[in-house]
Amino acid sequence: MISWTRAFAVLAAVLTLASTVPAQAAPAHPVGTWGASADEVGGNTGAAGLADLSVRNLVHTSLGGSGVRITLSNAFGDRPVTFASAHVGVAGDGAAVVSGTNRPVTFAGADRVTVAPGTEALSDPVDATVPADTTLAVSFHVVGESGPITGHDVATQISYVSGTAGADVAGEESGAAFTTQISRWYWVESVLVEKPRRVKTAVLFGDSITDGNGSTVGANRRWPDVLADRIASSRFAGRFGVMNEGISANRVLVDSTGGQRGLDRFRRDVLDQPGVSTVVLLEGINDIRWDDADEASDLTDAYRELIAQAHAEDVCVIGATLTPYEGGSRYTPERDRVRVAVNEWIRTSGEFDGVVDFDAATRDPDRPARFLPAYDSGDHLHPGDAGYAAMAEAFDLSLLECDR
């Protein structure tokens, strides 16, 4: 895995050149301001890969900061992939980058990096500061044929790929060359910033409900986004970066179309993140829906294992109750009884460092097995924007003060 010990540069605001560097900077460390769990990207493009094209991923920060770094992941590739001309800038309209902000990114001082299969690459710090709550454009050129793409399938965000093979346009601020829209993120796995040691990373771990499936595309209304906004307007402002490590269709117990099971990806997606102090665990509804968890103990035993892994690294675990889904795909009263039993264990077992009751926050009080209609995206399984906002509002921010 990546080493997080290298010092960051101290930089100026909003992706402009730093004017001075303090003679004695306060102790600092990397914190995640954005993240997306790596997986095999589906669809024909993901399987075939890209060849000599440029990619522009649009990602949204939670926390502002200097010393910006990105990670590029080839965790699920079948061959080395070479990336050139990596840049990071403030996203403008469409695929454009705000003038004067598209800054080059290097890797060990070089303007290109080759990432072996099963690994990822951490960039050098960029001589810039990114603002909080801002959409960035992370661009790079893929040299040669990439093979299968590592990325993130359900981005709930439009990103872009260039239309002309061989033309390296990653450094262009104009979006004119990026003629193909994609609904996934390709290769970019995280954006990090340098912060004082008291600032930490909160990782939100789960499935499609953490991923934001059902929220408005491009609006950043997933519950992790709304939580980040709440943090920014609270007494915790500037103290936590938020990384969304949800994967749509993911399960705790078994591998699936949603990628590696939660038990196996927990270390990479949570414990190996920089500066992590707290994880919110919201996962298990897909195990119930697909009969991998026939009894509550199937999931609660797995939760205990994840809690033990986190506590061994002095990371706090907040347990989140599973949201209702009557009327949704694969709902039956028998499966819902398992969900209800799991939720009771989450609320009462005392095994977690804290609990957030998303079930209570989103259910219809007159029909508690289903969402309150105003919170339903329409498929009865995923919340819509209002439902995700209700989840974020239900989160007691004092839970972030947990300290192991």
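## The model

This is a predicted model, in which local features need pLDDT of at least 70 and side-chain atom pairs count only at pLDDT 80 or more, while totals for chains, interfaces and linings use all residues. Residues are numbered from 1 along each chain as its sequence is written, and side-chain values use heavy atoms, with hydrogens and water left out.

## The disulfide

A search of the whole structure finds one disulfide, a term that stands for a pair of cysteine sulfur atoms within 2.5 Å. The bond joins Cys316 to Cys402, with an S to S distance of 2.0 Å, and because the torsion about this S-S bond is about -80°, the disulfide is left-handed. Distant parts of the chain are linked in this way, since Cys316 belongs to strand β19 (residues 316–320) and Cys402 to the segment after α9 (385–394), 86 residues apart. Helices (H or I, at least four residues) and strands (E, at least two) are DSSP runs, numbered from the N terminus.

Strands of a sheet pair through backbone hydrogen bonds, either parallel or antiparallel. Here three strands form an open sheet in the order β2-β11-β14, and the pairing is antiparallel. Because β2 (39–40) and β14 (185–186) stand at the edges with a single partner strand each, one side of each is left without a neighbour in the sheet.

Two strands count as paired if DSSP finds at least two bridges between them, and two bridges join β11 (residues 150–152) to β14. Within this antiparallel pair, Gly151 stands opposite Tyr186 in β14.

## Gly171 in its loop

Gly171 lies in the loop between β12 (159–161) and β13 (180–182), and at 37% relative accessibility this glycine counts as partly exposed. Leaving aside residues up to four places away in sequence, Gly171 touches His87 and Asn102, where contact means heavy atoms within 4.5 Å. Between Gly171 and Val254 there are 83 residues in sequence and 41 Å in space, taken from C-alpha to C-alpha.

Technical notes. Buried means under 20% relative accessible area, exposed over 50%, partly exposed in between (1.4 Å probe, protein chains only).
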